[in-house]
Amino acid sequence: MKTDVQQKPLDGTGWFGKVMAGLVLGAALASGLLGVLGLLFHADAQFKTVTSQLLRWFPGPVWGLLVAFSFLFRSPRQAWLVLALLNGSVWALFFLLHGLMA
């Protein structure tokens with residue numbers, strides 16, 4: 001089955017919008033994931049526990065990966081849309097878990 005739809009190749013256009021999507025929405029997404037994992041692991045404020053140390057260092061690499069992967073979107077609009085939808089999902093999960101565990 002052959003279609004006549006041609007996909008736009010990845011190129012360097014729209015890099016500023018993609019970087020901003022990764023920086024802004026990537027930070028929010030990494031924070032949301034940190035919150036979800038903190039709830040699932042029952043993390044507390046003790047700095048010397050293994051869970052707290054893992055969660056302390058979790059957001060930085062995740063945020064960096066999200067910024068890097070934001071360049072793989074075809075357009076800045078797609079990057080903002082997909083990352084916004086992921087943010088909504090993660091934060092909805094966080095508030096659901098927080099409500100159930102309270």
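The model is a prediction, so local features need pLDDT of at least 70 and side-chain atom pairs count only at pLDDT 80 or more, while totals for chains, interfaces and linings use all residues. Residues are numbered from 1 along each chain as its sequence is written, and side-chain values use heavy atoms, with hydrogens and water left out. Confidence comes as pLDDT, the predictor's score for each residue from 0 to 100. The protein averages 91 on that scale, and 94% of the residues score at least 70. Helices here are DSSP runs (H or I, at least four residues), numbered from the N terminus.

Helix H1 (residues 15-40) packs against helix H3 (residues 59-69) at an angle of about 145°, and their axes lie 9 Å apart. Those axes are lines fitted to C-alpha atoms over the stretch in contact, and angles run from 0 to 180 degrees between N-to-C directions. The crossing of H1 past H3 is right-handed, a label given when the near helix is turned clockwise from the far one by less than a right angle. On the H1 side, the contact (heavy atoms within 4.5 Å) is made by Gly22, Leu23, Gly26, Ala27, Leu29, Ala30, Leu33 and Leu34, and H3 brings in Pro59, Val62, Trp63, Leu66 and Val67. Eleven of these residues are nonpolar, two are polar and none is charged; Ala, Val, Leu, Ile, Met, Phe, Trp, Tyr, Cys and Pro count as nonpolar, Asp, Glu, Lys and Arg as charged, and the others, Gly among them, as polar.

The largest nonpolar core has 14 residues, of which Leu29, Val36, Leu66 and Leu83 touch the most other members. Such a core is a set of buried Ala, Val, Leu, Ile, Met, Phe, Trp, Tyr and Cys residues joined through side-chain atoms within 4.5 Å. H1, H3 and helix H4 (76-101) each give two or more residues to this core, and H1 supplies the largest share, six residues.

Leaving aside neighbours within four places in sequence, leucine 29 contacts Leu66, Leu83, Leu86, Asn87 and Val90.

Technical notes. Buried means under 20% relative accessible area, exposed over 50%, partly exposed in between (1.4 Å probe, protein chains only).
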